[in-house]
Amino acid sequence: MSLLKVVGGVGGALLLWATFQSPSGSGDVASRQTLSISEQPDRIVLGWSGPVQDPMSERIAAALDRYKADRRRLILILNSPGGSIDQGRKVVAAIRARDRAIDTLVQKAGVCASMCVPIFLAGTERMADPEAYFMFHQASLNSSTRENIKRRQLNEAETARLSQTIKALETQATDDLFRNDIGIRGVSRVWLARMREKIPDRDIWMSGQQLVEERSGIVDRLVRTPAL
Amino acid sequence: MAFGKRQPGVGSAAQALNANTAAAPGYAVTESAAPTGHPFRWLIILLACGAMLYGLVVSYGPDILRDHRLAGTWQPAYDLQAMEGRCERKNFVITFCSAKIRSVANPGQAPITHRFMMLFTGGGGEALVPVRSTIDRAAVSIFYAAETKLLNRTLSFVFTAGILALFSVFALFACWKALNHFDE
């Protein structure tokens, strides 16, 4: 009987302990890609949250295809830290390939950083909350390529040469990005040139309100997002 | 009366009650269990337990309620950065965690300190990802606390609040009894 009590007690304690444990996995949240779809009577809202990485273009394209015949207004809400230039261009191509208006929106306290900006600019009407955040910076090699380079045993001269080459490539990629992906419909050339001068080696954060006040042409219209 | 023997510092009140057992034995057993000691002592215990319960409910209750209301709506807040995250485990039972969340988009803004507690779990080595709710943009948290460990935090809160409430009720009862005996 007493053995039974001991077993019961230990079992109870273990059960209590196990109840307090729950699976972890919070580490990959920042890199998790989520595409939510909300169908409303007058519009379809697609919500993208996550980096601009494969398979974003496929997922966005599939969602847009799903509503190909639907005449309701299509809005793509973006919350992204940016990511791959190639993937971003594929997303822009997927949006432009649809023969219909697709509006883009960044919500209050939402972020559209780096390669997300060209995707935002692909929208027919580009809307942002005054407190939405946009970030501009110089293009850079992805972290895995940098790690691969670091692992190589190079002497000082080779390292310096490689650094110079990387810098030149990044500058070229940034110029290309500013000219072909950001400097498009309605974006002020003067503003863009000023921004290009500011970004080497630093991130520039701007709110939707600031972008409108500076007449950047990035944001077409400011909207208070809870009202949308 | 084994129960009576176990009472620490059995005083004159308990002994006097025991004298009545011949007349009403059942009643005497109940009365002998009455807590002894100066009512002031029980009052202090009551106030301490009450204060701890109040502190717990005020500091953790609203956060837990909010996190339940917003469960499933959290998305990474790329404009925020978590820093100085630390968890302190006490006797392998309770863990207090805290992290500061600062805005990278708005560096002038003062960082928010986020605190939470958990039972029977460490919390070490977990990634601190700041998140914001899609339905309440002002609600900011750490994903590990808001989503991953929400059940643990809820159980920890209920369990701790329950124990403190129990102690408070017992202290109130004991204080009342002690006060009655003190009058006699």
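**Terms and their grounds**

Reply: In helix 2 (residues 56–66) of chain A, the residues Met56(A), Ser57(A) and Ile60(A) are buried. This is a predicted model: local features need pLDDT of at least 70 and side-chain atom pairs count only at pLDDT 80 or more, while totals for chains, interfaces and linings use all residues. Residues are numbered from 1 along each chain as its sequence is written, and chains are lettered from A and ligands numbered from 1 in the order in which they are written.

Me: What makes the buried residues of helix 2 of chain A line one face of the helix?

Reply: Seen down the axis of helix 2 of chain A, the buried residues fall within an arc of 95 degrees, so they line one face. The arc is that of the directions from the helix axis to the C-beta atoms. A residue is buried if 20 or more other C-beta atoms, placed from the backbone, lie within 10 Å of its own, exposed if 12 or fewer, and partly exposed in between. The face turned away from the buried side carries the exposed residues Ala62(A), Asp65(A) and Arg66(A).

Me: Against what do the buried residues of helix 2 of chain A pack?

Reply: They pack against strand 2 (43–49) and helix 3 (85–97) of chain A. Two residues are in contact if their C-beta atoms, placed from the backbone, lie within 7 Å. Helices (H or I, at least four residues) and strands (E, at least two) are DSSP runs, numbered from the N terminus.

Me: Why are strand 5 and strand 8 of chain A called edge strands?

Reply: The open sheet has 3 strands in the order 5-7-8 (chain A), with mixed pairing. Strand 5 (111–113) and strand 8 (204–207) of chain A each pair on one side only, and they are the edge strands. Two strands pair if DSSP finds at least two bridges between them; 4 bridges join strand 7 (residues 133–136) of chain A to strand 8 of chain A, and these two run antiparallel. Met135(A) stands opposite Trp205(A) in strand 8 of chain A.

Me: How does the radius of gyration of chain A stand against that of a compact globule?

Reply: Chain A has 23 Å, but a compact globule of 228 residues would have a value near 17 Å. The radius is taken over C-alpha atoms, and the globule rule is 2.2 Å times the number of residues to the power 0.38. The C-alpha trace of chain A spans about 85 × 65 × 30 Å along its principal axes. Of the 228 residues of chain A, 31% count as buried.
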